[in-house]
Amino acid sequence: MTRLFAMAGYLYQSAAAIILIFAISHLLPAADYTNFSLALASSQLLCVLMFEWLQLAGLRFLAAAGENEAARLRWSLFAAGLSSAGALVVVGGCASLASVLPAGIIALGLGISVLQGLTDLYLLSVRLSDRLGVASSLLAFRATALLTGAAAGAAIWGTAEAALLGVSAGHALGLFAGLVAYRTPLERVPLRTMLADWKDFSRYGMLAAGASVIHLSVPVLLRFIIIGRLGATGAGAGFSIALDLLQRPFWVLNAAIHTVSYPDVVKDFEHGTVMKSVQSTRRMFEFMVCTTLVLLGGLVGFIPDAARMLVPRESLDGFLTTAPVVAVFYFLHTHLQATVAVVPHLEKLATRLVIVAAGQLAIVAAVALAAAWAGLSPQQAVGCACLATLAAILFALGPTLRFEAFPRWSLVAQALVAAVLIGSLGAMPTEPATWLAGKIVIAALATAIVGWRGDFLMLARRG
């Protein structure tokens, strides 16, 4: 049940992050919330730029290492993390001289980037030490600390600086709790060996991180192009809400599956037989494809209900019009970024990952600009982006096809039928409440059948 607990932990983290944003937006004045949001978003970007390559390198190299080699690699990995943190402080401090934000907010933003990057790196090493349950508990503890710290700071002092200080304290508590809960074994290595490890880390990790950054920029570019035509209207706001809300469910589910399954896939690829490696990769693909299909159906089926409760009235029509096609876009985008990239990651084809990401960015930009120039609606423009992303998936499938880790198509077909059934529930009325309860029961039954047919709960118990 450890893997199932880990996936539940990811859902908890996602919920805590959403609650945090809503809470801070109500506790801070508008100007302070703007500064808080800008500083937090900037710190997240800096964290990705400075530490993502180490996360990816650690996940790929540590997962396949033996106990003694892992201790040596951890030393090199943590040393690289501290070096990245130092470089971030120096470069970020110099760049902040040109910023219009107050110096205190800038300093706190840099501190959050450093603390988050180092904490993520340490908790990753805990996970890859066969301590999935411990790592999941620590991640949930950190999410709670972040929510509590930021909300307390905003409620007591009512300033952006206080809320950011609470976020910093949450990350610091998460790192401290990790060090107390489990001390990952380390083996000090000579400088020459450490530099050689850094070379391996950077050769793979920086390219893979670059591909991730390019993929992340695709929705941003799509937003810029479409909002540039719509302007600050209710339709534009509804489209923005759809982009903001519908990305996270796919990201959380993908991150959870990768956390519980990918390290074992790497071990089988490096140390197991070819048949065992193909089998474990195939099971991971089935897990990802089937669960995201059902998730897509759930989003389409329950979007109208959620929208009427949460989306402002002036943005409701724009949201309802674009949300289904935005959900389809994120479904395809997630599989291009994560599923299709599994085999290239295993084979360390990082350059190919960058080419695929750049190709998607280029063709999505081209079709979105053409759609805007032709006067197409936002729904049609996103539909063109979906077709462009599907074309990128077909282009990138070469390594996966050669690896022959094909999911069971009968299982995928069953998940597709369940997704269509759940998605069709969106046409049913939401009132009275018994109708909504009936829709939830039908969706739950369809999801349970897919989980049982795919034996996904057994996958969870194997942890």
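Reader: With which side chain does the side chain of R283 make a polar contact?

Author: This is a predicted model, in which local features need pLDDT of at least 70 and side-chain atom pairs count only at pLDDT 80 or more, while totals for chains, interfaces and linings use all residues. Residues are numbered from 1 along each chain as its sequence is written, and side-chain values use heavy atoms, with hydrogens and water left out. R283 is found in helix α9, residues 274-310 (helices, H or I of at least four residues, are DSSP runs numbered from the N terminus). Its side-chain partner in a polar contact (a pair of N or O atoms within 3.5 Å, one able to donate a hydrogen and the other to accept it, where residues adjacent in sequence count only if both atoms are side-chain atoms), at 2.6 Å, is E286.

Reader: Why does S76 count as buried, and what is its relative accessibility?

Author: S76 lies in helix α3, residues 67-95. Buried means under 20% relative accessible area, with exposed over 50% and partly exposed in between, using a 1.4 Å probe and protein chains only. S76 counts as buried because its relative accessibility is 0%.

Reader: Which residues does S76 touch, leaving out those up to four places away in sequence?

Author: The C-alpha atoms of S76 and R188 are separated by 8.3 Å, although these residues are 112 residues apart along the chain. With contact taken as heavy atoms within 4.5 Å, and leaving out residues up to four places away in sequence, S76 touches V189, M194, D197, W198 and F201.

Reader: Which residues have the most contacts inside the largest nonpolar core?

Author: A nonpolar core is a set of buried Ala, Val, Leu, Ile, Met, Phe, Trp, Tyr and Cys residues joined through side-chain atoms within 4.5 Å. The largest one has 100 residues, and α9 gives the most to this core, with 13 residues. Those with the most contacts inside it are F201, L222, L246, V326, F329 and V382.

Reader: Which residues does F329 touch, not counting residues up to four places away in sequence?

Author: F329 is one of the residues with the most contacts inside the largest nonpolar core. Beyond four places away in sequence, the residues that F329 touches are V218, P219, L222, V382, A385, C386 and T389.

Reader: Is T334 buried or exposed?

Author: T334 is found in helix α10, residues 313-339, and touches F250, N254 and T339, not counting residues up to four places away in sequence. At 11% relative accessibility, T334 counts as buried.

Conventions: Helix = DSSP H or I, 4+ residues; strand = E, 2+ residues; numbered from the N terminus.
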